[in-house]
Amino acid sequence: MKDRKEAKETLKKAVLIYDGNCPVCEKTVVWIKHNAKRGAFEMLPCQSGSMKQRFPSIKRAVCMQAMQLVLPDGTVLSGEKALPEILRRLKQYSSAAALFKLPGSEILSRAFYRWLADRRYHIARLLFPKKGK
C-alpha cells in the first residue's frame with residue numbers, strides 16, 4: 001500500500017533535470033529544495049542513468065544546455081520557460097511567477113537565462129573557488 005501511495009505522489013511532482021556537475025546548478029537545486037512546497041519537485045541530474053531511462057525523449061545535450069522541468073502531465077519546459085512553474089511551486093516566492101506575464105519578460109528572461117547558462121562554469125569558479133589555488 002505504501003509503495004502505491006509513494007508512486008502516486010511521485011507522479012504529482014515536477015521533475016527538475018539539471019547539470020549535476022555544475023556547482024551553480026547544484027546550489028540552485030539546494031535552494032529550490034529548501035523553498036519548495038512539500039512534494040513539489042523531484043531533482044534529477046542530467047548525468048543520472050535513470051534520466052535516460054525515464055525520459056528518453058530528452059537528449060543529454062539538451063539538458064546540458066538548459067534545465068528541463070517535466071510536469072506531471074508530461075509537458076517539458078526548458079530553460080527560462082521552466083522558471084515561472086518553478087516559482088509557482090515555491091512556498092514564499094510563488095507570486096513572483098506573475099512577473100513572467102509582464103510585457104517583454106519573455107525576451108529578458110531568455111536573454112538572462114542564456115547568458116547565465118552559457119557562463120555557469122566560469123561563474124562557479126568565481127563564486128566557489130577551489131581551496132588551495
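Predicted model: local features only at pLDDT ≥ 70, side-chain atom pairs only at ≥ 80, totals over all residues.
**Figure 1. Helix α6 from end to end.** Look next for Ser-105, Ser-109, Tyr-113 and Ala-117, which are buried in α6. These residues cover an arc of only 75° around the axis, which puts them on the same side of α6. An α-helix has 3.6 residues a turn, so residues three or four places apart point the same way. The partners against which the buried residues of α6 pack are α4 (60-65), α5 and α7. Turned away from this buried side is a face with the exposed residues Ile-107, Leu-108 and Asp-118.

Figure 2. Arg-110 and Glu-106 form a salt bridge, with 3.0 Å between the closest N and O atoms. The two residues are four apart in helix α6, and are therefore separated by about one helical turn. Both count as partly exposed: Arg-110 has a relative accessibility of 36%, and Glu-106 one of 48%. The pair also belongs to a network of salt bridges that links Glu-80, Glu-106 and Arg-110. Further along, Asp-118 and Arg-114 meet through their side chains in another salt bridge, at 2.9 Å from N to O. They too lie in helix α6, four residues apart, or about one turn of the helix. Here Asp-118 counts as exposed, at 55% relative accessibility, whereas Arg-114 is partly exposed at 29%.

Figure 3. Seven salt bridges turn up in a search of the whole structure. One joins Glu-42 to Arg-54, and its closest N and O atoms are 2.5 Å apart. Glu-42 sits in strand β2 and Arg-54 in helix α3 (residues 49-54), so this pair ties together parts 12 residues apart in sequence. Is Glu-42 buried or exposed? Its relative accessible area is 19%, and buried means under 20%, so Glu-42 counts as buried.

Figure 4. Helix α2 (residues 23-35) is made of 13 residues, and the 18 Å from its first C-alpha to its last is close to the 18 Å expected at 1.5 Å a residue. Its buried residues are Val-24, Cys-25, Val-29, Ile-32 and Asn-35. Viewed down the axis of α2, they fall within an arc of 135°, so they line one face of the helix. Among the elements that cover them are β1 (14-18), β2 (41-45), α5 (83-88) and α7 (120-127). On the face turned away from the buried side, you will find the exposed residues Val-30, Lys-33 and His-34.

**Figure 5. Confidence along the chain.** The average pLDDT of the protein chain is 89, and 89% of the residues score at least 70. Residues 6-11 are a stretch to read with care, with a pLDDT below 50. Beyond near neighbours in sequence, this stretch has two contacts in the model.

How values were computed:
Residues numbered from 1 in each chain as written. Heavy atoms only, no water. Expected span 1.5 Å × (residues − 1). Buried < 20%, exposed > 50% of the residue type's maximum accessible area, 1.4 Å probe, protein only. Arc of directions from axis to C-beta. Contact = heavy atoms within 4.5 Å. pLDDT = per-residue confidence, 0-100. Salt bridge = Lys/Arg side-chain N within 4 Å of Asp/Glu carboxyl O.
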